[in-house]
Amino acid sequence: MAGSRLEKWGTVFTRTRDLMRSGVIPKSKKPIWFDVYAAFPPLREPVYRELRPRYGKVRETVPAILYKEDEIRAKFYEAYGNGPKAFELSKLNFKSTCQRFVEKYTELQKQGEVGEDRLFEETGKALLAEGLILRRRMMGSVAQQVPQEDSSKDAVLTRLQGALQKMQDDPKAQKASLGEA
């Protein structure tokens, strides 16, 4: 073959020129731009060159793309989980529970009647009024669980201390609990 199809070997002009010289392209089918390029060649020949990486590997960094809705979705999934039913992707107009929550959240946010701190709970109440039941996950955040555990531990501890005090005060009850009669 008269020329290579790869851009690495020669330019479009040199390949076309070589094809015309060999007779693959007849003179009657010469490209329109060929004579103009031959009369006014570029100052720098357009040749393919591989880019060398500068010092070390070149890393393409993709910036994190976060939208306001992503924060709302993260809070939703943390509070409510995935929900009881799966996504129905076969329906074109299907909206997930999370998407409905996000839309209602932004709607209430635009109205401005509810403060930012209560907006999440009010959105849940508004969706409940529309007939969408949201169930909170069994495990809340760690900060919410610790006080409950401490109060239950305190209650058990006081009951045990009371039982121990009774046993120490009454020696008959102590012997009965140990199986000595």
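Modeller: Start with F76. F76 counts as buried, at 3% relative accessibility. Buried means under 20% relative accessible area, exposed over 50%, and partly exposed in between (1.4 Å probe, protein chains only). F101 is buried too, with a relative accessible area of 0%.

A word on the source. This is a predicted model, where local features need pLDDT of at least 70, side-chain atom pairs count only at pLDDT 80 or more, and totals for chains, interfaces and linings use all residues. Residues are numbered from 1 along each chain as its sequence is written, and side-chain values use heavy atoms, with hydrogens and water left out.

Now the rings. A pair of aromatic rings is described by the distance of the centres and the angle of the planes. Rings of Phe, Tyr and Trp (its six-membered ring) pair if their centres lie within 6.5 Å; planes under 30 degrees apart count as stacked, over 60 as edge-to-face and the rest as tilted. The structure holds eleven aromatic pairs. In one of them, the centres of F76 and F101 are 5.0 Å apart and the planes stand at 45°, so the pair is tilted. This pair links distant parts of the chain, 25 residues apart: F76 sits in helix α3 (residues 68-80) and F101 in helix α4 (residues 97-111). Helices are DSSP runs (H or I, at least four residues), numbered from the N terminus.

Ring pairs join F76 and F101 with Y77, Y80, Y105 and F120 in a cluster.

Last, the wider setting. The protein has seven helices and zero strands. Of its 181 residues, 16% are buried.

Methods
Helix = DSSP H or I, 4+ residues; strand = E, 2+ residues; numbered from the N terminus.
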